[in-house]
Amino acid sequence: MASMLRGAEYDTPLNFEDEWAKIHGIVLALITQERVTQLEWQDLFLAVYKIHSWVEDGKKKLHSAIDYNVKEYVRMARERINCHIERGDQALLRAYIHEWTKFYQQTAILPLPFMAIDPETAPPAPLPPGSETRTPKQYRSKTVREEMLETWKKVVFQHISLKLLSAALRLVEAERNGEAVDARLVIGVRESWVALYDQRDCYYEDVLEQYRKHFEREFVEETVAYYKKRAAQFLAENGVINYMSYADRMLDEEEQRARKYLNPNPESVSRLVESCVQVLVVEFEDQILAECPSLIAKNDVEKLRMMYRLIKRTPSGIEVVLKAVDNHIRSEGLDDMKENAMTITTDPEKYISQLLNMFDRFSTLVKEGFYDDARLLTARDKAFRALVNDTTIFRMELPLGKKSRNTAVESKCPELLANYCDLLLRKTQLSKKLTSEEIDAKLNNLLLVLKYIANKDVFMRFHKAHLSRRLILDMSADQEKEEAMVNKLRECGMPAEHVNKLFRMLQDIEVNKDLNSSFKKSLVGTNNNKTLSDLINIKILNGGAWGRGGVGAERVRVSLPRELEEFVPEVEAFYKKHHNGRKLNWMHHWSSGTIIFGTSSGGRYDLEVTTFQMAVLFCWNDRAQEKISFESLRLATELPDTELARTLFSLVAYPKMKSQILLCDAPYPINPRDFTDSTLFFINHDFHFVKNGKEQHRGRINLIGRLQLSMESSATKEHEDIVALREFRVQEAAVKIMKMRKTITSAQLQTELVEMLKPMFIPNRKLIKEQIDWLIENRFIERKIDDINTFVYVS
């Protein structure tokens with residue numbers, strides 16, 4: 001059949017020797033890298049196909065013939081290489097790399113015509129680790145290229161590999177010592193090692209194992225030995241700082257050297273660098289870390305960056321750096337606060353500015369000195385949080401419980417932060433001189449500090465009080481800023497319940513604008529109050545949103561001026577007509593107004609006063625020259641003694657004015673506690689207002705000060721209210737958890753309570769225990785009968 005396909009001219013059987021003789025010269029030319037024409041190249045493909053197809057055992061004979069010729073060439077190459085062994089490292093390496101490079105190039109060209117005789121069977125699948133070895137039948141025969149590389153390995157490389165390796169490593173050492181070397185010589189030895197042992201005699205064996213066992217291991221060991229001889233000596237002679245620079249430079253050089261000379265994979269580079277770190281950094285870690293506190297204190301950014309680059313490579317050195325940064329932030333921050341205590345305790349703007357300056361300074365330290373390492377940022381946050389919540393300078397004492405006389409000390413920072421926010425959002429000198437963008441930037445900075453406050457519930461309480469004053473007195477600098485601030489509080493993670501109340505407060509003010517317009521229209525032509533109605537703005541506020549003060553206000557009786565007293569029924573009638581079933585409670589202590597005050601010298605001033613101040617001043621409306629006793633004023637205004645004394649004190653000793661509206665016969669310095677029923681008060685007819693050193697006969701004077709939203713203003717009561725609200729929050733959170741869990745251990749309940757409440761405050765153990773006891777007493781939860789440390793929800 002074969003002869004029929006060949007045709008008549010191929011009737012004579014092919015002889016291998018004859019066919020091989022035709023192509024032998026071409027094969028030798030390819031092996032020796034001599035010129036081969038295109039026609040010869042094509043004839044070689046045809047001859048190989050003919051021998052493989054029509055010569056018996058042609059495949060085997062071709063392999064043998066090629067192998068013989070390759071071995072002869074390789075033996076000659078070995079002799080040429082051996083001539084340079086005694087001439088030095090570089091001569092040997094150049095001779096080897098020259099011969100190897102030529103031969104390796106031909107391993108990619110010569111096998112191409114012989115691909116037809118390469119094994120066709122795909123390599124078997126890898127065996128799992130621990131399996132029995134393969135039988136010889138499972139291994140396929142080698143390709144022509146593999147046979148060529150195997151020949152070079154056996155004839156040349158195995159005899160001089162150690163000499164080549166030693167010579168290459170000596171070149172690397174010379175490079176480390178600053179000598180100029182030909183890097184291609186070292187790279188060539190490594191490439192030779194990898195290529196020659198990349199033979200898959202066993203398909204599940206790591207083909208780079210021999211490279212790692214010899215070239216890479218020797219390279220790493222020589223590197224370690226080199227630096228062991230020099231590192232300690234360099235440190236002793238040059239000091240720690242210079243040694244850090246030396247180690248940092250050497251690590252960079254060795255990493256580059258590893259990428260250049262070792263097999264290009266991350267594992268090889270990593271193994272060399274780790275070994276260098278061990279000998280250059282870890283062995284001298286204590287000496288290096290000892291410099292950390294002083295470098296941080298000096299803010300020596302460059303040396304800190306250098307130290308960080310070294311220490312971050314060690315297993316545990318970074319922990320010492322974290323501790324040093326933490327100690328620095330705490331100590332330096334607290335020292336700065338103590339140094340400026342007299343200023344920042346009275347000026348919330350300067351206090352917040354100082355906190356922000358410290359935060360920027362510490363953040364710059366971490367960014368420039370430690371590359372913004374996430375671990376260092378966490379340490380900064382932890383230390384700054386401790387600084388913000390420190391109680392050394394600012395403190396407030398909260399009772400541990402209703403029945404407890406002991407107190408818990410907390411930072412006053414939340415209150416000061418709320419005061420600073422009020423300065424930015426209220427019509428003040430500060431808000432007037434700042435642009436809108438500057439106010440936004442300062443509010444964002446304020447929220448940055450808020451993030452670090454532990455007791456955010458205190459901030460929200462004071463912020464709500466300030467917002468109430470601004471909205472009631474129309475003192476907001478920008479309504480859009482108010483809304484933006486509430487939105488930012490929501491974005492900061494403040495509880496939705498608190499934020500929603502602030503939104504409803506803002507909505508109430510907007511609704512009241514339409515309400516006032518409708519009310520004034522309803523009075524047209526109905527009575528004589530039209531003129532007065534144009535001067536009055538009413539505010540109907542939602543008790544659920546505005547909260548505190550409502551209950552106490554119902555019990556405070558005040559006799560309003562006649563003009564206002566007649567106006568109250570009109571408002572109530574109008575509101576009931578539009579909102580049936582709702583009850584109005586008048587908050588006179590939240591109200592204010594403007595009255596005209598004239599003096600004997602012709603002065604005329606517009607006084608902005610609270611309703612209580614107005615009620616007191618109107619007592620002199622028809623008897624301006626008389627002196628009126630405290631007892632008579634009490635009868636006329638019907639104010640409680642405490643509130644009347646506070647109101648009179650604001651009129652006889654207002655701190656922002658040298659000349660007061662009222663005078664009294666109480667001893668100086670005036671103290672409201674010294675007021676008695678017989679203390680006499682009278683109008684100051686010589687009242688004058690001084691501005692810029694000149695006496696003013698006209699002007700607007702604000703006597704309202706801090707509008708009192710609660711009838712009880714003492715700090716103790718304020719703190720008790722905070723604790724009471726916290727108790728309620730703990731109870732509420734505990735019930736939520738019990739509803740979800742049904743059964744829970746005491747330890748787990750405490751953990752989940754802290755986790756749930758920490759966005760606002762962190763409850764202490766005593767508070768949690770008292771509220772759990774309260775829930776048990778009121779049958780919300782109960783202890784498990786067979787385990788007193790487990791609670792069960794009572795549905």
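Visitor: Which residue stands opposite Ile-744 in strand 13?
Guide: Phe-791 does. This is a predicted model, with residues numbered from 1 along each chain as its sequence is written. Local features need pLDDT of at least 70, side-chain atom pairs count only at pLDDT 80 or more, and totals for chains, interfaces and linings use all residues; side-chain values use heavy atoms, without hydrogens or water.

Visitor: How many bridges pair strand 11 with strand 13?
Guide: Strands pair if DSSP finds at least two bridges between them. Strands are DSSP runs of E (at least two residues) and helices runs of H or I (at least four), numbered from the N terminus. Here three bridges link strand 11 and strand 13 (787-793), in the antiparallel sense.

Visitor: What is the strand order in this open sheet?
Guide: The order is 11-13-12, three strands with antiparallel pairing. Strand 11 (743-745) and strand 12 (781-784) are the edges; each has a single partner strand, so one side of each lacks a neighbour in the sheet. From one strand to the next, the twist averages 35°.

Visitor: Which helices lie across these strands?
Guide: Angles run from 0 to 180 degrees between N-to-C directions, with axes fitted to C-alpha atoms, for helices over the stretch in contact. Helix 31 (746-757) lies across strand 11 and strand 13, at about 90° to strand 11. Helix 32 (765-777) lies across strand 12 and strand 13, at about 95° to strand 12.

Visitor: At what angle do helix 4 and helix 5 cross?
Guide: Roughly 160°, with the axes of helix 4 (58-82) and helix 5 (89-106) coming within 9 Å. Helix 4 and helix 5 are therefore roughly antiparallel (angles over 145 degrees). Their crossing is right-handed, meaning the near helix is turned clockwise from the far one by less than a right angle.

Visitor: Which residues of helix 4 meet helix 5?
Guide: An α-helix has 3.6 residues a turn, so residues three or four places apart point the same way. In helix 4, Val-70, Tyr-73, Val-74, Ala-77, Arg-80 and Ile-81 make the contact (heavy atoms within 4.5 Å). Their partners in helix 5 include Leu-92, Tyr-96 and Phe-103. The contact residues divide into nine nonpolar, no polar and three charged. Ala, Val, Leu, Ile, Met, Phe, Trp, Tyr, Cys and Pro count as nonpolar, Asp, Glu, Lys and Arg as charged, and the others, Gly among them, as polar.

Visitor: How many bridges join strand 6 to strand 7?
Guide: Three, with strand 6 (662-664) and strand 7 antiparallel. Cys-664 stands opposite Phe-681 in strand 7.

Notes: Angles under 35 degrees count as roughly parallel, over 145 as roughly antiparallel, 65 to 115 as roughly perpendicular and the rest as oblique.
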